[in-house]
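Please look over the sequence and the structure shown below before reading on.

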Amino acid sequence: MKIKIAVLTGGGDCPGLNGTIKWVTKSALDPKMVANRSISFEVIGITDGWKGLVEVDPEDQRSCARYIKPLDEEIVRTWDRYGGTNLGTSRTNPFNPKNDRSGKLIENVKKLGIDAIVAIGGEDTLGVAYKLHKLGIKTVGIPKTIDMDLAGTEYSLGFDTAVNIIMEEIDRLRTTAGSHGRIFVVETMGRNAGWLALRGGESSGAYIILIPEYPFDMDKVCELLRERQGREIKYSILVAAEGAKPLGQQEFVKDSHVDDFGHVSMGGIAAYIANEIQRKTGLESRHIILSHLQRGGTPSAHDRLMARWFGVAAIDMIVKGEFGRMVSLQHGEIATAPLEGVINKLQLVDVEKYYDTERYNGRRTIL
Ligand code: F6P
């Protein structure tokens, strides 16, 4: 049996995507595949996520050259050490109710002779994979999002690298914060979930961590800062997720632009907090938005490993005919989970378990 698989990356990029594409390709084209599992594969990469499958014209050679990249072991050999996605990505939603192009996508999949799709992405990308599966297209998913808010898995690609970047940037900030005796408010990504802020803040020893799951009281933040005065402490680092919000207020958004999946661009909470601290306490405060730096650069060892295992597992799933599911990490082991479980459901920080609501920080109890 010969199976043609298409692999694509959707949503925000992150380190680890290229490694997954490499291991999907290498596992599928493993010379032992035919002998051991009686299946042979052909692998193509689709450029720019779902956009590629919607916009490609299968009858036009130039269009195919633009959106379809045949992949083999030689092409992907070095990809695992690089960040970003060599296939490109987009936030195109083929099921956007204002412009539903899912019919075109399905027609293209058939015309291109694609037997199965490996979709690497977060809630939005995998939500599309689930809808396609319901419409008879064979899909498997691989979880990716630096926000770590995807349901059904303990790990999503990109998170570990992003946490390391947050920690490294905060290490850098400390010297200048200390020299000037300033407060620094660091804004991380994380629109709905505070995982990046919490784990980045905990690993870098931030004094205050603010997460979307627990709206904060600005007076309480100032009180915590005042408590430190008089001690031998020259500066304080606060970490705030972009989706963190003051009690009784909405999240801070950058502008009115809404993407294909209905998301607004967030940003501005760190500037607000720094201004308020300075205004209310007189302590000199600065803010910094780490923004896309968190998604840049090369993958950490953990992301390279997870990329490899997720890629290998996706091919196992196809061999076993486990469609409509995604690779997932459960109890520290590679497993699979239904794609249905990622729809309209996010994995948020369990405040009671992980967050100290008195200190606005990670808990000091574990068990
Ligand atoms: O994919 C999620 C995310 O990392 C969010 O935390 C953030 O709001 C968003 O990406 C920003 O993405 P972009 O600016 O690349 O569209």
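A salt bridge, as the term is used here, is a side-chain nitrogen of Lys or Arg within 4 Å of a carboxyl oxygen of Asp or Glu. This is a predicted model, in which local features need pLDDT of at least 70 and side-chain atom pairs count only at pLDDT 80 or more, while totals for chains, interfaces and linings use all residues. Residues are numbered from 1 along each chain as its sequence is written, and side-chain values use heavy atoms, with hydrogens and water left out.

The structure holds 20 salt bridges, and K22, D80 and R81 are linked in a network of them. For accessibility, buried means under 20% relative accessible area, exposed means over 50%, and partly exposed lies in between (1.4 Å probe, protein chains only). D80 counts as buried because its relative accessibility is 19%, whereas R81, with a relative accessible area of 38%, is partly exposed.

Another salt bridge joins E358 and K220, whose closest N and O atoms are 3.8 Å apart. E358 lies in the loop between strand 14 (355–356) and strand 15 (361–362) and K220 lies in helix 10, so the pair ties together parts that are 138 residues apart in sequence. Helices (H or I, at least four residues) and strands (E, at least two) are DSSP runs, numbered from the N terminus. E358 is exposed, at 53% relative accessible area, while K220 counts as buried at 18%.

Helix 10 spans residues 218–228, and its buried residues are M218, K220, V221, C222, L224, L225 and R228. The elements that cover these buried residues include strand 6 (183–188), strand 7 (208–210), strand 8 (236–241) and helix 11 (269–281). At the start of helix 10, a side-chain oxygen of D217 comes to within 3.0 Å of the backbone nitrogen of D219, and just after this helix G230 takes a positive phi of about 90°.

On the scale of the whole chain, the protein is divided into domain 1 (2–157 + 299–342) and domain 2 (162–295), with bounds that come from an automatic or database domain assignment. Taken over C-alpha atoms, the centres of domain 1 and domain 2 are separated by 34 Å. Where the domains meet, 15 residues of domain 1 are in contact with 15 residues of domain 2, contact meaning heavy atoms within 4.5 Å. The area buried between them is about 1300 Å², of which carbon and sulfur atoms give 52%; buried area is the accessible area (1.4 Å probe) that two parts lose on being put together, summed over both. In domain 1, R91, I146 and D147 lose the most area to domain 2, together 41% of what that side buries. The rule finds 1 salt bridge across this interface.

Which residues does V109 touch, not counting residues up to four places away in sequence? They are L53, I114, I117 and I137. V109 lies in helix 6 (residues 102–111) and is buried, with a relative accessible area of 2%. S63, found in helix 4 (residues 61–67), is buried as well, with a relative accessible area of 10%, and S63 touches E55, V56 and D57 when residues up to four places away in sequence are not counted.

Conventions
A polar contact is a pair of N or O atoms within 3.5 Å; within protein, one must be able to donate a hydrogen and the other to accept it, and residues adjacent in sequence count only if both atoms are side-chain atoms.
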